[in-house]
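Please examine the structure below with attention to its surface and to the helix beside it. The briefing that follows is grouped by topic.

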Amino acid sequence: MWLLDGAITSWGDRTGTLLIMAGTLCAAAGSVLAARLMRHRLGRPPLDPLSVTVWQFTIATAALTIVLIPLNLGTPFASTPELTHWAAAVASGAVGLALPYALFNRAVVVVPVVEASLLLQLTHVMGVGAAVVLLGERLTPAQMAGAALTVLAVALHILSTIQRAPRYQPAHGRRGVHRTSYVRSMM
């Protein structure tokens, strides 16, 4: 992340990086908690992934409202948002946040949280790639190295997991390694 962030040069950059790391820590804790709620709940039936996603967003909205409203008191809006701005915000939240969280929550029911969250490391690389493609930003060699290291680390983990896939005895009598269903369960 440090390389992707452009090898931090000023305090403002460090603050942003620390906030990103804090957000990542919160996401990790939320993923573990969500997986527990959807798998077992101390004698109660597990919650479905969509319900967990709705509760995550409800609690996060309430928490952000409690924290952000006092910070913004007395700060006037630069302009009044139009209906199209509100529609864009709702669409962005639905496609950029709600849908990915719902899909991830569904995944952690089937796949171990460690495996699912490892793929989340690619989010940073995809964000940087989107900034290059959509915003015309330029990458430094250090940022390219950071992206390459991230992709390499995820690929090496996936390959090592495939190597450790359980062996089985096929019905037709030949010994072999059945990796396809194991890999599908990871994805």
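Leu139 is found in the loop that joins α5 to α6 (141–163), where helices are DSSP runs (H or I, at least four residues) numbered from the N terminus. This is a predicted model, in which local features need pLDDT of at least 70, side-chain atom pairs count only at pLDDT 80 or more, and totals for chains, interfaces and linings use all residues. Residues are numbered from 1 along each chain as its sequence is written, and side-chain values use heavy atoms, leaving out hydrogens and water.

**The loop residue**
- Leu139 counts as partly exposed because its relative accessibility is 30%; buried means under 20% relative accessible area, exposed over 50%, and partly exposed in between (1.4 Å probe, protein chains only).
- Gly136, which follows α5, has a positive phi near 70 degrees.

**Helix α5**
- The 14 residues of α5 should span 20 Å at 1.5 Å a residue, which agrees with the 19 Å between its end C-alpha atoms; the expected span is 1.5 Å times one less than the number of residues.
- Val125, Val128 and Ala131 are the buried residues of α5.
- These buried residues fall within an arc of 120 degrees seen down the axis of α5, so they line one face of the helix; the arc is that of the directions from the helix axis to the C-beta atoms.
- An α-helix has 3.6 residues a turn, so residues three or four places apart point the same way.
- Met126, Val133 and Leu134 are exposed on the face of α5 turned away from its buried side.

Technical notes
Helices (H or I, at least four residues) and strands (E, at least two) are DSSP runs, numbered from the N terminus.
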